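This note is for a colleague who meets the structure for the first time.

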Amino acid sequence: MDRRTLLGGLAAALVVAPALAQTGGSSPAMPSGSSGAMPMSQPGGQMSQADMQHMQQTMQLGMVALESSRIAMNKVRNEDLKRFANFEIQEQTTLSEVLRSMMEPAATAATGSAGGPSTAAMPPMQMDPSARDMMQKMQNQQAGAEFDKMYLQAQLEGHRDLLQVQERYLQSNPQNREHMNVAKLARGQIREHIALLEDMQKTIR
């Protein structure tokens, strides 16, 4: 399994999405009767409610995966699971950067045009009570086999939730092509992670 595939794809999206948003105003308008191509994101990075909801949910769940993996790096004893935690930190950091870069043009446009607070700005990410409770339990758990099982189970449940978020968004007929492609990349890697975690679960007792 080459985890760098997602990192490369998301890094490309990080570069492409803002560039398209910046150059969108100079592109010739499509004739009203034309068909075939999916509408590009509007100049200024206009986003739908579904786009913003997908971003927020993905980043919120990703933050939990990231922070739990940071804890795991100092406590996990299984080498395969430690390798997973290391890559998970890298991937969630990259995904968060990509999504934030796609959100920033919309926030800038909203504040610049109206002079008031942006409706596109994403609220600060906060963990829900159950996630905070899980983090506390992980902090308190001694390193060893029990911690390994706790971390693995948390990642498995978190990835299943992340997969549902991507599926719901992709089934909503999204119109932002760059955003949709990022969701597709994330969905593929999440599925791979779930399969890997399920395999490890069979050997970690």
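1. Burial is judged here by relative accessible area: buried means under 20%, exposed over 50%, and partly exposed in between, with a 1.4 Å probe and protein chains only. By that scale Glu88 is buried, because its relative accessible area is 0%. The model is a predicted one, in which local features need pLDDT of at least 70 and side-chain atom pairs count only at pLDDT 80 or more, while totals for chains, interfaces and linings use all residues. Residues are numbered from 1 along each chain as its sequence is written, and side-chain values use heavy atoms, with hydrogens and water left out.

2. Glu88 belongs to helix α3, which covers residues 79-114. Helices are DSSP runs (H or I) of at least four residues, and strands (E) are runs of at least two, numbered from the N terminus. A contact means heavy atoms within 4.5 Å. Setting aside residues up to four places away in sequence, Glu88 touches Ala65, Ser69, Gln155, His159 and His193.

3. Asn173 deserves a look at its backbone: its phi is positive, about 60°, although Asn173 is not a glycine. This residue sits in the loop between α5 (145-170) and α6 (177-203). Asn173 counts as exposed, because its relative accessibility is 55%.

4. Ala50 lies in helix α2, residues 49-73, and is partly exposed at a relative accessible area of 29%. In sequence Ala50 and Asn173 are 123 residues apart, yet their C-alpha atoms are 9.4 Å apart in space. Beyond its neighbours within four places in sequence, Ala50 is in contact with Tyr169 and Ser172.

5. How many salt bridges does the structure hold? There are nine, a salt bridge being a side-chain nitrogen of Lys or Arg within 4 Å of a carboxyl oxygen of Asp or Glu. Side chains of opposite charge can pair when their charged atoms come close. One of these bridges joins the side chains of Glu167 and Arg191, at 2.7 Å from N to O. The pair links distant parts of the chain, with Glu167 in helix α5 and Arg191 in helix α6, 24 residues apart. Arg191 is partly exposed, with a relative accessible area of 42%.

6. Glu178 and Arg177 meet at 3.7 Å, N to O; Glu178 is buried at 9%, whereas Arg177 is partly exposed at 36%. Asp199 and Lys202 meet at 3.9 Å, N to O. Both lie in helix α6, three residues apart, or about one turn of the helix. Asp199 counts as partly exposed at 46% relative accessibility, while Lys202 is exposed at 57%.

7. The predictor's confidence in each residue is its pLDDT, from 0 to 100. The protein chain has a mean pLDDT of 76, and 68% of its residues reach 70 or more. Over residues 11-44 pLDDT stays under 50, and the model has 32 contacts beyond four places in sequence for them. Residues 107-120 also stay under 50, with 14 such contacts.
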